[in-house]
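Subject: Structure handover

Hello,

Here is the structure you asked to take over. My notes on what was found in it follow below.

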Amino acid sequence: MNYQYWHPKMETLPRADLEAWQLARLKDTAAYALRTPFYKERLTRAGIREADDIKSLEDLKRIPFTTKHDLRDAFPYGMLSVPRDEVIRLHASSGTTGTPTTIYFNREDIRRWSGFVARCIYGTGCNKSDVFQNMITYGLFTGGLGFHAGGEEVGMLVIPSGAGNTTRQFKLMQDFGTTVVHATPSFLLHVESRMKEEGVSRDSLRLKRAFAGAEPYSEDTRRRIEELLGIDVYNSYGLSEMNGPGVAFECQAKNGLHLWEDGYIAEIIDPETLEPVPEGETGELVLTILCREATPILRYRTRDISGFSTGPCPCGRTHRRIRRITGRTDDMLIINGVNLFPSQIEEVIMGIKEAGNNYLIVVEKDGSLDRLTVKTEIGPDIFMDDSRPLNALREKIRKTLQASITINPKVELHEKGALPVSEGKAKRVQDNRPKEV
Ligand code: ADP
Ligand code: ZN
């Protein structure tokens, strides 16, 4: 494989040089952080009164973690570290788990961010001959403008189609010969489901690749999208607190996501003890941004669950890789005392080829017990009036789920297109249990 680098020197920088770079950037970031009331107080208490009090990367560990809660408390301007009139843009998180948080960018911050996204895109084999349809929400959400700017930086023709409306998406793909798209994995599955119904043949499209991210998905989902659409799918990870897309991305080896260590310092901690986990083990990802002046954030607890991949990558990049994020620490469901992540259910359903592309997890109270129902759409080769294959599929999903999650769920099959579709981040879980007070 001929791996291409957007920034060859930086992407292959020897570890020692990369760490020296990180230390210099960490000091710069701390200098900006000290201008905010929030970090001035935090850092001073940790014995860091000026940037030069940071002497090595180990000193990062003296700084307390920053949480989403801290960012909300600082709303709207408490984390702003440059004069207001130097800020040229703001973004906010999607608010999946509560009040959104705001991030500010100055001109250089935007330029650096676009560079990181361009690096991700180029590393999958794209170049300026590509036509890129950005099928994700524009606006406060960082996925739209973030990928848009990165695509332009690479020199691709960027179509700012936004999310939703499959009819229009297909028309754009056909009219302009789209070769690469960006979307959530759930929207990509929906696009595939709609193709036949809208009379779009695969041969009328020039699609080669997709960037899929903004929500967790399993390797089986990737494989399903790749096989059904006949494209290469690359995992894209980011969060608005850390700019948005461009934090970590798969290269063409597709064996973990390179986390750009010239822009971020990554740690993996045990969310209970807050201590680092042994190298390679799973835990919560903690990130420090090194590439943004206007809103510095140090040791941010992402709540995302991952771990470092071990061993070098065949692509030759020296930046460490993280494994596919399996979910958030707060996604975990407890069903009759058994811990369950929605991703475990997704993996099973996506691995059963007779099952359709959409599903929903419903949890209810049945007396004193919890009841788990997994609603699944049927695939294109099965029909609702044909009871034998229907029963066989229901039983297959139930048995495979039970073996994998040790809970016996109720499985309901639904007609294709019957379950709610989301254009952005999918809402896969409906927890109808009364909230404990
Ligand atoms: P919100 O926290 O409100 O969803 P963002 O829009 O900033 O805010 O989304 C960032 C979050 O989306 C991440 O913290 C992570 O939980 C999830 N996410 C983004 N990309 C991926 C990915 N490739 N795999 C799994 N989860 C992802
Ligand atoms: Zn690689």
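**Met-242 and its surroundings**

Beyond its neighbours within four places in sequence, Met-242 is in contact with Val-247, Tyr-264, Leu-287, Thr-288, Ile-289, Arg-292, Ile-297 and Tyr-300. Please keep in mind that this is a predicted model.

Met-242 also belongs to the largest nonpolar core, which has 57 residues. Together with Phe-211, Tyr-237, Leu-287 and Ile-322, Met-242 is among those that touch the most other members of that core. The element that gives the most to this core is α5, with seven residues. There is also a second, separate core of 44 residues; Met-173, Ala-183, Leu-333 and Leu-390 are among its members.

**The four-stranded sheet**

Four strands form an open sheet in the order β10-β11-β12-β14, and their pairing is antiparallel. The edges are held by β10 (264–269) and β14 (327–328); each has a single partner strand, so one side of each is left without a neighbour in the sheet. Inside the sheet, β11 (residues 283–289) and β12 (residues 300–306) run antiparallel and are joined by four bridges. Across this pairing, Glu-284 has Ile-305 in β12 opposite.

**Cavities**

How many cavities of 30 Å³ or more does a search of the whole structure find? The search finds two.

The largest cavity has a volume of about 70 Å³. Its lining consists of Leu-71, Ala-74, Phe-75, Pro-76, Gly-78, Met-79, Thr-102, Ile-103, Tyr-104, Thr-295 and Ile-297. Strand β2 (residues 102–106) gives the most to this lining, with three residues. By class, the lining of the largest cavity has eight nonpolar residues, three polar and no charged.

Around it are Arg-119, Cys-120, Gly-123, Phe-249, Glu-250, Cys-251, His-258, Trp-260 and Arg-317. At least two residues of this lining come from each of α5 (107–122) and β8 (244–250). The lining of the second largest cavity divides into four nonpolar, two polar and three charged residues.

Regards

Terms used
Residues are numbered from 1 along each chain as its sequence is written. Chains are lettered from A and ligands numbered from 1 in the order in which they are written. This is a predicted model: local features need pLDDT of at least 70, side-chain atom pairs count only at pLDDT 80 or more; totals for chains, interfaces and linings use all residues. Side-chain values use heavy atoms; hydrogens and water are left out. On a 1 Å grid over the protein atoms alone, a cavity is a set of points where a 1.4 Å probe fits but cannot get out, and a pocket is an open set with protein on both sides within 12 Å along at least five of seven lines; lining residues have an atom within 4 Å of a point. Grid points are joined across faces, edges and corners, and a volume is the space filled by probe spheres set on the points. Ala, Val, Leu, Ile, Met, Phe, Trp, Tyr, Cys and Pro count as nonpolar, Asp, Glu, Lys and Arg as charged, and the others, Gly among them, as polar. A nonpolar core is a set of buried Ala, Val, Leu, Ile, Met, Phe, Trp, Tyr and Cys residues joined through side-chain atoms within 4.5 Å. Buried means under 20% relative accessible area, exposed over 50%, partly exposed in between (1.4 Å probe, protein chains only). Contact means heavy atoms within 4.5 Å. Two strands pair if DSSP finds at least two bridges between them.
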